[in-house]
Amino acid sequence: MAKLVIGSQIPEFTLPDQNGNEFKTTDVVGKTNIVLYFYPKDDTPGCTKEACSFRDQYEVFSDYGAMIIGISSQSVSSHKKFIEKYKLPFTLLSDRENNVHRMFGVNKNPFLLPGRVTFIIDFTGKVVGIFESQTNIKMHIEEALRIIKELKIPKNDKNSI
């Protein structure tokens with residue numbers, strides 16, 4: 001399992017979202033910047049704090065031309081409940097087989113803490129930032145926002161998703 005690094009092109013993948021609809025990276029790459037964050041589990045204290053922090057900054061990310069996407073191995077129905085409970089305005093993807101975790105090199109070893117990694121991906125699908133920390137959840141949001149603000153996508157670009 002090779003980890004993606006800054007400068008890597010993200011792999012193409014398709015996963016179900018919280019509504020059971022297919023989400024394909026090919027539908028968004030070339031249209032928007034992406035903040036893709038992997039998190040261990042829905043409705044746990046750390047993951048709830050992280051999701052709610054992204055929720056609270058959602059409009060700022062959107063204004064800078066970025067889409068937020070969360071991925072964990074929980075089911076579609078678990079994601080739907082999590083979104084409804086905390087009024088999350090962004091997409092959560094279900095990676096039940098951990099295939100996308102492996103593609104990105106995110107730890108899913110049952111003997112270690114599950115991966116909490118945020119990838120900042122530019123308009124072209126290139127990784128321009130990575131932040132990995134189990135404990136400093138706030139930094140995932142701050143670091144992602146700092147990098148997104150540096151990218152040269154016009155605010156409120158009508159071509160973005």
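User: Which residue stands opposite Leu93 in E5?

Analyst: Happy to start there: Ile71 stands opposite Leu93 in E5. Please keep in mind that this is a predicted model. Another facing couple is Ser72 and Ser94, the latter also in E5.

User: What makes E4 and E5 a pair of strands?

Analyst: Two strands pair if DSSP finds at least two bridges between them. E4 (residues 66-72) and E5 are joined over 4 bridges, in the parallel sense, so they meet that cut-off.

User: Which strand is joined to E4 by 6 bridges?

Analyst: That is E3 (residues 33-38), and E3 and E4 run parallel. One of the facing couples is Val35 with its bridge partner Ile68 in E4.

User: Why is E4 called largely enclosed by the rest of the structure?

Analyst: Buried means under 20% relative accessible area. In E4, 7 of the 7 residues are buried, so the strand is described as largely enclosed. Both faces are covered: Ala66, Ile68, Gly70 and Ser72 are on one side, with Met67, Ile69 and Ile71 on the other.

User: How do the side chains of E5 point, and are they buried or exposed?

Analyst: In E5 (residues 91-94), Thr91 and Leu93 point one way while Leu92 and Ser94 point the other way, and all are buried.

User: What pattern does the whole protein follow along the sequence?

Analyst: The order reads β-β-β-α-α-β-α-β-α-β-β-α, made up of 5 helices and 7 strands. Of its 161 residues, 48% count as buried.

User: Why does Ser8 count as buried?

Analyst: Its relative accessibility is 15%, and the cut-off is under 20%, so Ser8 counts as buried. Ser8 is found in the segment before E1 (14-16). Leaving aside neighbours within four places in sequence, Ser8 is in contact with Gly125, Lys126 and Val127. The C-alpha atoms of Ser8 and Val127 are separated by 5.4 Å, although these residues are 119 residues apart along the chain.

User: Why is Asp43 called partly exposed, while Lys87 is called exposed?

Analyst: Exposed means over 50% relative accessible area, and partly exposed lies between that and the 20% limit for buried. Asp43 has 39%, so it is partly exposed. Lys87 has 67%, so it is exposed. Asp43 sits in the loop between E3 and H1 (45-56), and Lys87 in the loop between H3 and E5.

User: What is phi for Asp43 and for Lys87?

Analyst: For Asp43, phi is near 60°, a positive value in a residue other than glycine. Lys87 is not a glycine either, and its phi is positive at about 55°.

Terms used: Residues are numbered from 1 along each chain as its sequence is written. This is a predicted model: local features need pLDDT of at least 70, side-chain atom pairs count only at pLDDT 80 or more; totals for chains, interfaces and linings use all residues. Side-chain values use heavy atoms; hydrogens and water are left out. Buried means under 20% relative accessible area, exposed over 50%, partly exposed in between (1.4 Å probe, protein chains only). Helices (H or I, at least four residues) and strands (E, at least two) are DSSP runs, numbered from the N terminus. Contact means heavy atoms within 4.5 Å.
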